[in-house]
Amino acid sequence: MAGMHLDRGADMPLYQQVAAHLRARILDGSLQAGTRLLGSRDMAAELGCSRAIVLAACDLLYAEGYLLSVPRGGVRVAAIARPRAAAPAPDERDAGLRMSDRWKSLLATDYVFDMASPFSTGTPDIAEFPFEIWARLLRQSWHNPLRSACIDMAPLGWQPLREATAEFLGAVRGLLCRPEEVAITPASSGALDLCCRMLLDPGDEVWVEEPGFIEARWSLKAAGAKLVPVPVDEKGMVVAEGIRRAPRAKLAVVTPSHQFPLGVAMGLERRLELLEWASRQGSWIIEDDYNSEIRHRDSMVASLKSLDRAGRVIYLGTFSKVMLPSLRIGYLVASPGFTEAFGRGRARIDVHTAGTAQPALAEFLRQGHLLRYLRRMRKVYGERQDAVVAALRTLMPEQLDVAPTAAGLHLTALFTPRMAARMTDREASARSRQAGQFIQPLSQCYLGEPDRQGLVIGYGRLQAEEAMPRLAAVAARLRD
Ligand SMILES: Cc1ncc(COP(=O)(O)O)c(C=O)c1O
């Protein structure tokens with residue numbers, strides 16, 4: 001029992017500690033097959049524990065096949081096939097993990113992000129979230145829960161939540177849809193991931209916005225898609241260029257209400273062109289309508305889905321961004337046929353979106369709490385965006401071109417030609433990190449060579465009065 005010390009303060013019971021020690025010595029070959037173990041009394045004396053502990057450890061190892069009891073021969077080590085070589089150390093970058101090539105390339109993507117920075121994109125402020133109401137609704141829904149919420153949750157989600165979501169989208173986005181067109185999903189990323197697997201075969205071409213939302217590209221790549229970057233100008237994705245580069249693409253992924261990351265809205269002509277291409281080709285369009293509920297001006301850009309007569313648009317949205325990031329509940333709206341097929345796929349892959357919060361969320365929507373909360377937060381976020389725009393215009397008028405955006409929790413400040421001649425946005429981002437105020441570089445939203453440089457600045461969690469001092473610290477690093 002050399003080298004064996006029992007730790008009486010550990011969570012692991014003593015008999016399991018003894019068994020783990022013997023098991024390890026058998027596996028590493030220091031206890032050879034046929035070796036006779038000490039008698040249980042001697043072993044217990046050597047370890048300073050009771051004999052019962054030693055006997056329980058040996059029982060476990062008999063059961064696992066490491067020990068044999070030989071008549072009149074005592075307890076002996078069994079002959080087992082030991083692994084020849086030690087397993088390679090787990091290391092994500094190690095090809096020894098033998099992941100698929102697609103997965104390895106996904107993990108190898110160079111991507112800088114810092115959730116802790118108040119300038120990180122897509123993170124809401126939760127300080128004013130009505131936690132008391134939320135807690136009450138959770139308590140109520142769990143006080144006397146229905147079996148259908150505990151055991152038989154449907155793959156497309158809790159029916160009252162599908163109904164409340166359809167109503168919410170009518171009120172907040174002017175999107176008229178029926179509950180049977182709505183699926184409740186593990187936020188919009190989860191919906192996108194399953195859509196990719198449903199729609200794409202390896203090698204299928206997909207249009208993505210350039211620059212665009214990097215996370216969406218990861219799911220597309222994981223599904224084996226061939227990504228076709230399509231440039232974005234001040235009217236959104238240049239559809240004619242998509243048609244020129246990949247006329248038979250199977251899918252286009254777009255953010256038409258306010259493009260990620262540039263913030264522009266897609267013009268009507270482009271929208272009609274995109275819809276026309278998709279219905280002619282039988283291709284799909286995923287409309288990622290993230291954060292459109294958080295609009296800062298009165299005018300609302302209608303969704304692409306509301307123009308879709310041919311049933312080609314799959315509309316994705318999320319409650320995560322407007323409520324609590326960890327909620328991870330979103331929705332998909334598509335033709336009833338697609339939605340039904342999506343539900344069948346969901347049932348096969350992971351059954352349904354986690355159900356414990358769905359009944360409370362349905363009530364939260366039905367009772368109008370989300371609309372009221374959004375109304376309050378639009379004002380807060382609007383003031384934060386104004387503060388960022390004002391600070392950037394005061395501090396870096398020569399370096400950055402800043403335009404307010406109509407919605408969402410971030411804006412993109414483009415480099416002026418003068419600034420672009422001095423440094424890249426990756427360098428500017430690294431300097432912002434040195435100033436303790438990490439800001440994302442625009443160029444990492446590109447698949448190919450960036451045709452613009454800039455900074456993608458989130459303000460969801462930035463107090464308006466902090467915009468000036470924090471950005472002044474960044475400006476000081478960017479000016480020299
Ligand atoms: C453009 C865009 N789409 C989708 C999402 C993801 O939303 P969810 O958290 O619901 O997966 C984000 C998150 O930042 C985003 O920026």
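Predicted model: local features only at pLDDT ≥ 70, side-chain atom pairs only at ≥ 80, totals over all residues.
Residues are numbered from 1 along each chain as its sequence is written, and side-chain values use heavy atoms, with hydrogens and water left out. Helices (H or I, at least four residues) and strands (E, at least two) are DSSP runs, numbered from the N terminus.

Two packed helices are described by the angle between their axes and the distance between the axes. For α5 (residues 131-143) and α13 (residues 358-366), the angle is about 125° and the axes are 8 Å apart. Axes here are lines fitted to C-alpha atoms, for helices over the stretch in contact, and angles run from 0 to 180 degrees between N-to-C directions. On the α5 side, the residues in contact (heavy atoms within 4.5 Å) are I133, W134, L137, L138 and S141, and they meet P359, A360, L361, E363 and F364 of α13. Sorted by class, this contact has 8 nonpolar, 1 polar and 1 charged residues. The nonpolar class holds Ala, Val, Leu, Ile, Met, Phe, Trp, Tyr, Cys and Pro, the charged class Asp, Glu, Lys and Arg, and the polar class the others, Gly among them.

## The sheet of four strands

An open sheet of 4 strands has the order β11-β12-β14-β13, with antiparallel pairing. The edges are taken by β11 (400-402) and β13, each with a single partner strand, so one side of each has no neighbour in the sheet. Two strands pair if DSSP finds at least two bridges between them.

Between β11 and β12 there are 3 bridges. V402 stands opposite A413 of β12, and L400 has F415 as its bridge partner in β12. Strand β12 (residues 410-415) is joined to β14 by 5 bridges. A413 is partnered with L455 of β14, and L414 with G454.

In β14 (residues 454-458), 5 of the 5 residues are buried, so the strand is largely enclosed by the rest of the structure. Buried means under 20% relative accessible area, exposed over 50% and partly exposed in between, with a 1.4 Å probe and protein chains only. In a regular strand the side chains alternate between the two faces of the sheet. From β14, G454, V456 and G458 point one way, L455 and I457 the other way, and all are buried. In β12, 5 of the 6 residues are buried, so β12 too is largely enclosed by the rest of the structure.

The loop between α16 (425-434) and β13 holds Q437. Q437 is buried, with a relative accessible area of 9%. Beyond its neighbours within four places in sequence, Q437 is in contact with S117, P118, F119, S432, R470, A473 and V474.

## The sheet of eight strands

Another open sheet has 8 strands in the order β3-β10-β9-β8-β7-β4-β5-β6, and its pairing is mixed. Its edges are β3 (182-185) and β6 (236-237), each with a single partner strand, so one side of each is left without a neighbour in the sheet. Strands β7 (residues 251-254) and β8 (residues 284-288) run parallel and are joined by 4 bridges; in this pair L251 stands opposite W284.

Helix α7 (residues 159-173) lies across β3, β9 (313-318) and β10 (330-333), at about 105° to β3. Helix α9 (residues 214-222) also packs on the sheet, where it touches β4 (205-210), β5 (226-233) and β7, and its direction makes about 165° with that of β4.

## A buried loop residue

A249 lies in the loop between α10 (239-245) and β7. A249 is buried, at 1% relative accessibility. Not counting residues up to four places away in sequence, A249 touches E205, V206, W207, W277 and S283. Its C-alpha atom and that of D42, 207 residues apart along the chain, are separated by 74 Å.
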